Amino acid sequence: MADTVMLIGFMGAGKTTVGQQLAQATDQKFLDLDDEFVKETKTSISDYMEANGESGFRTMETKILENRLQSPGVISTGGGIIESDINRKVIKDSEAKVIFLQADFDTVLQRLSSDTDRPLLRQLSMKELLDRFDFRQPLYDEVANSVIMTNDKTPNKIVKELTNMLSLPDDSLVSLRSEIDSLDRKILHLISQRVNVVKEVANVKKRNKISVVQQNRMDEIRLELKEEFANDINISANLIDDLVDLLTSAAIDKERKMIG
Ligand code: S3P
């Protein structure tokens, strides 16, 4: 493992939680640059930003980064550290292995929904926050050596991916698999939402005494999907058949159980 592993990413990507657990799992020291900021300035980030503005905060953040960067172990950073050109240069010139913990905007919002501590969340409108998010993505990519997708994953799973990544000389496969794993979780969440709708359908069918299987509708849907995805070289007609078989048989089972 590299002497210093630095985690970057937007607020709510999991940098601190994952960083702590990664340090523990690999028996390394853990440093959170936001905590270091508070220790150094003896002020909360919110109060510091209120008194000195975001640009004052960024200037101080650079000093903390420069002083702590050589610290061996796992370092988690503030989400905006990559906004300044100087910070990006300092990070790129360092020996640290920089890992971008990437999360979709929806995931970030969900994770931060009850947060009252982060000053930018209080100050920015939703549109401004999304603009910030979009503005920062290429900057994280610019300084990162590797990317781990964190959507829908537990900290434990992310730490597993990270330790695997850190043990390999060429970690591009881990990054790609991390993306696939994240998509798999998204697909399962969508299937769970689909089952919720199926349950509502079952209730309507029960009320109106409609039979569970409507073969014509199912055949029509299959045809529609095949037509719509005919030009997508990744989606074959067989894949559509297999997927629709799977989804509809699960739905029919559920409806039969509910209708009796
Ligand atoms: C900030 C993120 C915060 C903290 C400060 C500014 C940002 O860190 O540094 O509130 O600009 O995104 P986290 O990413 O740990 O929340």
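This is a predicted model: local features need pLDDT of at least 70, side-chain atom pairs count only at pLDDT 80 or more; totals for chains, interfaces and linings use all residues.
1. Helices α2 and α3. Helix α2 covers residues 33-41 and helix α3 covers residues 45-68. The two pack with their axes 10 Å apart, at an angle of about 110 degrees. Angles of 65 to 115 degrees count as roughly perpendicular, and α2 and α3 are therefore roughly perpendicular to each other. On the α2 side the contact is made by L33, D34, E36, F37, V38, E40 and T41. On the α3 side the residues are I45, Y48, F57, M60, E61, I64, L65, N67 and R68. By class, the contact of α2 with α3 has nine nonpolar, two polar and five charged residues.

2. Five aromatic pairs are found in a search of the whole structure. One of them is formed by F37 and F57, whose ring centres are 4.8 Å apart. Their planes stand at 45 degrees, so the pair is tilted. F37 belongs to α2 and F57 to α3, so the pair ties together parts that are 20 residues apart in sequence. Both F37 and F57 are buried, and both are also listed in the contact of α2 with α3.

3. An aromatic cluster. F10, F105 and F133 together form one aromatic cluster.

4. Helices α3 and α4. Helix α4 runs over residues 85-93, and its axis comes within 10 Å of the axis of α3. The two axes cross at roughly 10 degrees, which makes α3 roughly parallel to α4. From α3, the residues E61, T62, L65 and E66 meet I86, N87, V90 and I91 of α4. This contact of α3 with α4 divides into four nonpolar, two polar and two charged residues.

5. Residue N52. N52 is another residue of helix α3. Its relative accessibility is 38%, so N52 counts as partly exposed. N52 and R194 are 142 residues apart along the chain, and their C-alpha atoms are separated by 49 Å.

6. Helices α8 and α9. Helix α8 spans residues 155-166 and helix α9 spans residues 172-207. They pack at an angle of about 165 degrees, with 10 Å between their axes. That makes α8 roughly antiparallel to α9, and the crossing of α8 and α9 is right-handed. The contact involves K157, E161, N164 and M165 of α8, together with V174, S175, S178, D181 and R185 of α9. Its residues divide into two nonpolar, three polar and four charged.

7. Residue S178. S178 sits in helix α9. At a relative accessible area of 1%, S178 counts as buried because buried means under 20%. Leaving aside residues up to four places away in sequence, S178 touches I148, M149, K153 and E161. Of these, E161 is also named among the α8 residues in the contact with α9.

8. Two residues with positive phi. Most residues other than glycine have a negative phi. D152 is not a glycine, yet its phi is positive, at about 60 degrees. D152 lies in the loop between β5 (146-149) and α8, and at 31% relative accessibility D152 counts as partly exposed. K209 is not a glycine either, and has a positive phi of about 50 degrees. K209 is placed in the loop between α9 and α10 (215-228). With a relative accessible area of 76%, K209 is exposed.

9. Residue V212. V212 also lies in the loop between α9 and α10. V212 and A251 are 39 residues apart in sequence, and their C-alpha atoms are 9.4 Å apart in space. Not counting residues up to four places away in sequence, V212 touches K205, I252, E255, R256 and I259.

Technical notes. Residues are numbered from 1 along each chain as its sequence is written. Side-chain values use heavy atoms; hydrogens and water are left out. Axes are lines fitted to C-alpha atoms, for helices over the stretch in contact, and angles run from 0 to 180 degrees between N-to-C directions. Helices (H or I, at least four residues) and strands (E, at least two) are DSSP runs, numbered from the N terminus. Angles under 35 degrees count as roughly parallel, over 145 as roughly antiparallel, 65 to 115 as roughly perpendicular and the rest as oblique. A crossing is left-handed if the near helix is turned anticlockwise from the far one by less than a right angle, and right-handed if clockwise. Contact means heavy atoms within 4.5 Å. Ala, Val, Leu, Ile, Met, Phe, Trp, Tyr, Cys and Pro count as nonpolar, Asp, Glu, Lys and Arg as charged, and the others, Gly among them, as polar. Rings of Phe, Tyr and Trp (its six-membered ring) pair if their centres lie within 6.5 Å; planes under 30 degrees apart count as stacked, over 60 as edge-to-face and the rest as tilted. Buried means under 20% relative accessible area, exposed over 50%, partly exposed in between (1.4 Å probe, protein chains only).
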